[in-house]
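Let us take a friendly walk through a protein together. Have a look at the sequence and the 3D view before reading on.

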Amino acid sequence: MMRVSNREDEEGIELRPLIENYCADVDREFTARLDAWPPDFAQIHVHEVIGGMLAREATLAKDLARAPMLWTGHSAPILLRAMADAYINLTWLLLDPVERCRKFIFFGLGQAKLELEHRRAQIGTREPTPQEVAMLEARERWIDSQRISGLLDVDLGKWSSISVRQMAEEAGCIDFYNYIYTPFSACAHSMWHHVAHYDLRECGNPLHRYHRRPTSETSAPDLYYLTLAAKYWSKTLGTFDRAYGLAISGPSSYETLIDAITDDPQPD
Ligand SMILES: [Zn+2]
């Protein structure tokens, strides 16, 4: 476990400057990609989907960085799993961006439309409040504003027509699926092999046959989880740069972070 500290006179790594520097580096890297990748207005939806995915990875990395209390096995994997999801999406979308980004948008709009219908069904025959009317109209306007008619098919399947595992296989990132997405899914979905490990402690009384007691304890933050988020952001940049043939110079936020952590004198 990597020790952390919020104060200079304590042992461990001083967090505030580490986090601020890291987030500034992520912003710099993100802006550099946008500068080097101007929108193609003939296929603007590609810029929106791919750019949106890139922005999401940057935001999740920074959000996790700014929340040391979430750097625990209980909470960090929820955000890290979302980052793994976005990484697999991005990698797969980049293999055929024009067609796949279109499908991605259609699926999302179908889901938004379905959500709207569920809201209407919930209101039923009663008179909706002015707030409800405003909310329903705003959502409908948002869906209709996406350059697509109101006759949008609601797609209830997966947007890619294949499983996340197959997407990862096709995109050459099955390791990401096996070693990140799947294990962190146990935490995100509160599965037994996560809960048994993190939310139960074995009772010390032999008369109780070592049953496990539920426990809700505050875990100390572990920098390791920040380094994982930083690594996924770095992999996202690598995949994006390769896809668009970009060669952007400048220090890497990931390497700078690792250097800052390892350069800092560690207590025994
Ligand atoms: Zn007991």
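The paragraphs below go from the overall fold to the metal site and then to the cysteines.

This is a predicted model, in which local features need pLDDT of at least 70 and side-chain atom pairs count only at pLDDT 80 or more, while totals for chains, interfaces and linings use all residues. Residues are numbered from 1 along each chain as its sequence is written, and side-chain values use heavy atoms, leaving out hydrogens and water.

Start with the fold. You can find ten helices and four strands here; these are DSSP runs, H or I of at least four residues for helices and E of at least two for strands, numbered from the N terminus. Along the sequence their order is β-β-α-α-α-α-α-α-α-α-β-β-α-α. Of the 268 residues, 39% count as buried, where buried means under 20% relative accessible area, exposed over 50%, and partly exposed in between (1.4 Å probe, protein chains only).

Now turn to the metal. Which residues hold the protein donors of the zinc ion? They are Cys 203 (SG), His 208 (ND1) and His 211 (NE2), at 2.1 to 2.2 Å from the ion. Donors are N, O and S atoms within 2.8 Å of the metal (3.2 Å for Na, K and Ca); water is not among the atoms, so sites may look incomplete. Their spacing along the chain is C-x4-H-x2-H. Cys 203 is buried at 8% relative accessibility, whereas His 211 is partly exposed at 34%.

Finally, look at two other cysteines. Cys 23 is buried at 2% relative accessibility, and Cys 173 is buried at 3%. The structure holds zero disulfides, a disulfide being a pair of cysteine sulfur atoms within 2.5 Å.
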